[in-house]
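Hi,

Here is the structure I promised to pass on to you.

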Amino acid sequence: MPIEANGQDSSAPSAPINGKVLLASPRGWCAGVDRAVATVERALEQYGPPVYVRHEIVHNAHVVRSLQRKGAIFVEETDEVPDGEIVIFSAHGVSPAVRQEADGKRLSTIDATCPLVTKVHKEAVRFADEGYDIVLIGHRDHEEVVGTVGEAPHHIQVVEDASQAENIQVRDPSRLVWLSQTTLSVDEVEETVDAIRSRFPLLESPPSDDICYATQNRQSAVRNIAPNCELLLVVGSPNSSNSVRLVEVARESGAEAAYLIDSVDEIDASWLVNVTTVGLTSGASVPELLINEVLEYLGARGYTDVESVTVAAETVKFSLPKELRRDLRNPADSADLDPVFGDPSDAPDSYGGGAKT
């Protein structure tokens with residue numbers, strides 16, 4: 001289903017009296033995004049610009065532009081980074097081949113991969129070592145999926161949805177396991193798993209859910225408010241998988257209309273005609289200031305009653321990468337620069353809670 005968003009008409013319709021906003025919580029930045037953005041900022045402070053980042057650090061145009069202004073240079077491929085420079089791997093993770101390429105160029109690497117993505121990578125390696133075929137549920141061109149496939153390319157086949165379950169070929173139906181991209185819809189994954197299991201009844205599941213806690217919480221919050229909204233707005237960039245999923249969840253859960261907007265500038269005022277209740281949320285890579293701008297826009301048009309609807313409290317935090325504790329340009333002098341950050345947590349086998357609300 002296409003995501004509709006445009007900003008052709010910024011004029012305000014007749015404002016309703018006491019229009020209401022249902023503000024979903026949790027929303028916005030998760031612990032993995034917080035860690036990734038802080039990693040780039042810390043590296044710029046520690047080493048000065050330029051610091052290179054392979055791919056967008058997170059999928060949000062506002063965040064990328066902000067970091068570019070501070071001196072981050074975003075590249076698509078490792079070979080675009082000059083030899084000997086510092087490169088940060090994005091929150092979505094990379095394959096072993098990318099790490100080898102960086103070593104070949106004598107790059108100093110800082111790994112900002114979300115620990116929950118690292119968890120999936122470790123699962124893929126372990127199951128491949130044990131001789132399993134692995135069905136990876138996700139979008140084959142997404143950076144996270146590309147990185148995970150690279151961990152065990154001869155054992156992994158990507159399935160994007162339930163309709164592709166018929167294409168799966170396995171060596172031993174008794175040694176088959178599924179993993180998933182962390183940012184998918186829970187319902188979407190369950191439907192695909194059911195389709196795969198109908199063909200392969202012995203299909204095994206990962207030791208813990210691969211859908212990240214933040215994705216689940218944001219989807220649950222949308223399901224909670226969608227039935228009570230004539231319009232639901234999701235702030236997020238079009239290449240943000242978890243943001244796109246929120247729009248789909250909103251529509252499936254009863255919102256009369258739902259749109260993805262990158263910023264307040266993309267709101268079409270005609271969407272508000274005859275609307276008394278607007279739902280509002282944001283993807284896991286969206287800073288809160290973008291939500292505040294939408295609230296100001298809605299408030300100026302009569303939506304002054306803002307109700308926060310909370311479905312979960314998020315408490316997980318991730319330490320910054322260990323590479324930021326030593327001088328990458330002078331490894332011989334690698335005494336801890338700031339012990340307060342500690343070593344990054346190992347990818348957990350299970351998790352809950354999250355970052356900021």
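Below are my notes on a sheet, the helices on it, and one further helix.

First, the ground rules. This is a predicted model, in which local features need pLDDT of at least 70 and side-chain atom pairs count only at pLDDT 80 or more, while totals for chains, interfaces and linings use all residues. Residues are numbered from 1 along each chain as its sequence is written, and side-chain values use heavy atoms, with hydrogens and water left out. Helices (H or I, at least four residues) and strands (E, at least two) are DSSP runs, numbered from the N terminus.

**The sheet**

Five strands make an open sheet with parallel pairing, in the order β10-β9-β11-β1-β12; two strands pair if DSSP finds at least two bridges between them. β10 (258–261) and β12 are the edge strands, each with a single partner, so one side of each has no neighbour in the sheet. From one strand to the next, the twist averages 25° (axes are lines fitted to C-alpha atoms, for helices over the stretch in contact, and angles run from 0 to 180 degrees between N-to-C directions).

Strand β1 (residues 20–25) is largely enclosed by the rest of the structure, because five of its six residues are buried (under 20% relative accessible area, with exposed over 50% and partly exposed in between; 1.4 Å probe, protein chains only). β1 pairs with β11 (residues 277–282) over four parallel bridges, and Lys20 sits opposite Thr277 there. Six bridges link β1 to β12 (residues 305–310), also in parallel, with Leu23 and Ser308 as bridge partners. Strand β9 (residues 231–235) runs parallel to β11 and is joined to it by five bridges; Leu232 has Gly279 as its partner.

Helix α8 (residues 241–252) packs on the sheet, touching β9, β10 and β11, and its direction makes about 165° with that of β10. Helix α9 (residues 288–299) packs there too, touching β1, β9, β10, β11 and β12, at about 165° to the direction of β11. Contact here means heavy atoms within 4.5 Å.

**Helix α2**

Val63, Val64 and Leu67 are buried in α2 (residues 61–70). They cover an arc of only 100° around the axis, so they lie on the same side of α2 (the arc is that of the directions from the helix axis to the C-beta atoms). The buried residues of α2 pack against α1 (31–47) and β3 (72–75). Just after α2, Gly71 has a positive phi of about 120°.

Best wishes
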